[in-house]
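Student: I am new to this structure. Can you take me through it by question and answer?

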Amino acid sequence: MTIRHHPSDETLLRYSTGRLGAAPALVVAAHLEGCEHCRSRVADFEAVGGALIDEMPPASMAADALDRTLERLETKPAATAPIVSPRQADLGIELPASLRHCEIGPWRWLGPGFRWSKITVPGSPQAKLMFLRGRAGLRLPAHGHTGTEFMQVLYGSLSDGRGRYELGDLDEADADVDHQPVVGMESECICLAALEGDTRLHGLLGRILRPFVGF
Ligand SMILES: [Zn+2]
């Protein structure tokens, strides 16, 4: 497995310091299970980032915080976290180990060749976390975002104007991203997806999911 798309350093820093929401944090955790590069990055952030972040107001991150943290990392040796084996679920895919405490709902219809499964996170009832499953060649509507969407590819692939996302890749799509994802022709695609924010859903996932899940 060659991973080409990783969480941003800002996301990994927020993950390391507990400032990423429950749903995006679980998507990042699923990515870390297969990505030694990001595990090492998180270990570094945990070692030196926490003290810096603790000095800041909780709701904001100083613009130079990341740069200051990265500067400190230059002399730090890389560290690794243990690899956790995912267990097999009845989803037909290997379930990320990070989801082992979550309640996973049945596949539900979203559109032709398009299904989703709600994931309930214990202790975080507002977490917007789900599996998305699209048939080979499925073309999603072009859309933008007003919140950030996190998608970890668990099976198959999808592409958009920015690149091709395969097994193990994580895509962060924020307000700057306007795209039209297309599932690869070789197989169906299954993703673990999270939406960040406490208010109503925005963007494509919001439009298609709101009537179903009432987030
Ligand atoms: Zn990575």
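This is a predicted model: local features need pLDDT of at least 70, side-chain atom pairs count only at pLDDT 80 or more; totals for chains, interfaces and linings use all residues.

Student: Which protein atoms are the donors of the zinc ion?
Tutor: The donors lie 2.0 to 2.3 Å from the zinc ion. Along the chain they follow the spacing H-x24-H-x3-C-x2-C. The donor atoms are H6 (ND1), H31 (NE2), C35 (SG) and C38 (SG).

Student: What is the geometry of the zinc site?
Tutor: Look at the angles among the four donor atoms: they run from 98 to 118 degrees. Four donors count as tetrahedral if all angles lie between 85 and 135 degrees. So the site is tetrahedral.

Student: Is C35 buried or exposed?
Tutor: Buried means under 20% relative accessible area. H31, another zinc donor, has 0% and is buried. C35 has 3% relative accessibility, so C35 is buried.

Student: Which element gives the largest share of the largest nonpolar core?
Tutor: This core has 30 residues, and among those touching the most other members are L12, V27 and F131. Elements giving two or more residues include α1 (9-16), α2 (22-34) and β6 (124-134). The largest share is seven residues, and it comes from α2.

Student: Which residues does L129 touch, beyond four places away in sequence?
Tutor: L129 is one of the core members that touch the most others. Its contacts are A23, L26, V27, L99, S117, K118, I119, V121, L192, A193 and A194.

Student: How many residues are in the second core?
Tutor: The second core is separate. Its members include L110, M130, V183 and L195. The count is 16 residues.

How values were computed. Residues are numbered from 1 along each chain as its sequence is written. Side-chain values use heavy atoms; hydrogens and water are left out. Donors are N, O and S atoms within 2.8 Å of the metal (3.2 Å for Na, K and Ca); water is not among the atoms, so sites may look incomplete. Four donors count as tetrahedral if all angles lie between 85 and 135 degrees; four count as square planar and six as octahedral if opposite donors are over 155 degrees apart and all others between 65 and 115; anything else is irregular. Buried means under 20% relative accessible area, exposed over 50%, partly exposed in between (1.4 Å probe, protein chains only). A nonpolar core is a set of buried Ala, Val, Leu, Ile, Met, Phe, Trp, Tyr and Cys residues joined through side-chain atoms within 4.5 Å. Helices (H or I, at least four residues) and strands (E, at least two) are DSSP runs, numbered from the N terminus. Contact means heavy atoms within 4.5 Å.
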